[in-house]
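This report concerns selected features of a single protein model. The sequence and structure are shown first.

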Amino acid sequence: RWCSSRAMKRKLDVVLPGDKVPNVRCGPGLSGLGADIRATLGGEVRASPTGLAYVENFATKYIPQVGDMVIGKVTQRMGEHYKVDIRAAQPALLSQLGFNNASKRNKPNLNVGSLVYCHVTSAHKDMDVEVSCESAIANEAKKGWATKELYFGELGGGWLLDTSLVHARTLMQEDCFVLDRIGQDKAYEIAVGLNGRIWINSTS
């Protein structure tokens, strides 16, 4: 469905890059301001639970958007940053201080291959993509990264799976049947990235 009163009558529209998409709030696959919103990807226009419209297609190459929650894999340590693979055209940069209450003396020590759950903070086409593990959730602001109780941060243990961007977005819906069904039989932890990565961990 769409997220405007005019468009809610239609479940979806198929668009091509450059097509106008009126009366929506921009999400992934859409760009523009005011009444001039256009598709940057081909696919079906849908609405997220938060009211953002996005273009759903079966592309496997992720295009970063500010605010996206993603799972990254550390590929290199360099100076004050880590290079992180987020399945985009170029690796993203994660500051070594980009964790809750991190300081030069007290910060995570990530190795090549470490997994992090983070969010995109900068995605300008002419600059490096930047991600952060600092939580924007109010009741987590005072918690330090070492508590392991935060929404974002290093993912230890478990299994990493790659999937399509469409399937990842489906798993992030509040009423996802698959995850509800698994939870009836087993206790588990899961992190789903809009970049088509799933991390899951269970002791059973």
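The account below covers a pocket, a surface patch and a loop residue in this predicted model.

**The second largest pocket**

The second largest pocket holds about 590 Å³ of space. Its lining consists of 27 residues, and those closest to the pocket centre are L150, Y151, F152, E154 and L155. By residue class, the lining of this pocket comprises 18 nonpolar, 5 polar and 4 charged residues. Three strands, β12 (153–155), β14 (189–193) and β15 (197–201), each supply at least two residues of the lining. Of the contributions to the lining of the second largest pocket, that of β14 is the most, at 4 residues.

**A nonpolar surface patch**

On the surface, F177, V178 and I182 form a nonpolar patch whose accessible area together is about 300 Å². V178 belongs to helix α2, which spans residues 177–183.

**A loop residue**

N23 is placed in the loop between β1 (14–15) and β2 (25–26). Its C-alpha atom is separated by 9.0 Å from that of D36, and N23 and D36 are 13 residues apart along the chain.

| Residue | Relative accessible area | Class |
|---|---|---|
| V178 | 46% | partly exposed |
| N23 | 40% | partly exposed |

Conventions. Residues numbered from 1 in each chain as written. Predicted model: local features only at pLDDT ≥ 70, side-chain atom pairs only at ≥ 80, totals over all residues. Heavy atoms only, no water. Patch = residues over 30% accessible without salt bridge, like charges linked within 9 Å, V, L, I, M, F, W, Y side chains within 5 Å. Areas by Shrake-Rupley, 256 points an atom, 1.4 Å probe, with all protein chains shown as cover. Salt bridge = Lys/Arg side-chain N within 4 Å of Asp/Glu carboxyl O. Buried < 20%, exposed > 50% of the residue type's maximum accessible area, 1.4 Å probe, protein only. 1 Å grid on protein atoms, 1.4 Å probe; cavity = no way out; pocket = protein on both sides within 12 Å on 5 of 7 lines; lining within 4 Å. Points joined across faces, edges and corners; volume = space filled by probe spheres on them. Nonpolar A, V, L, I, M, F, W, Y, C, P; charged D, E, K, R; others polar.
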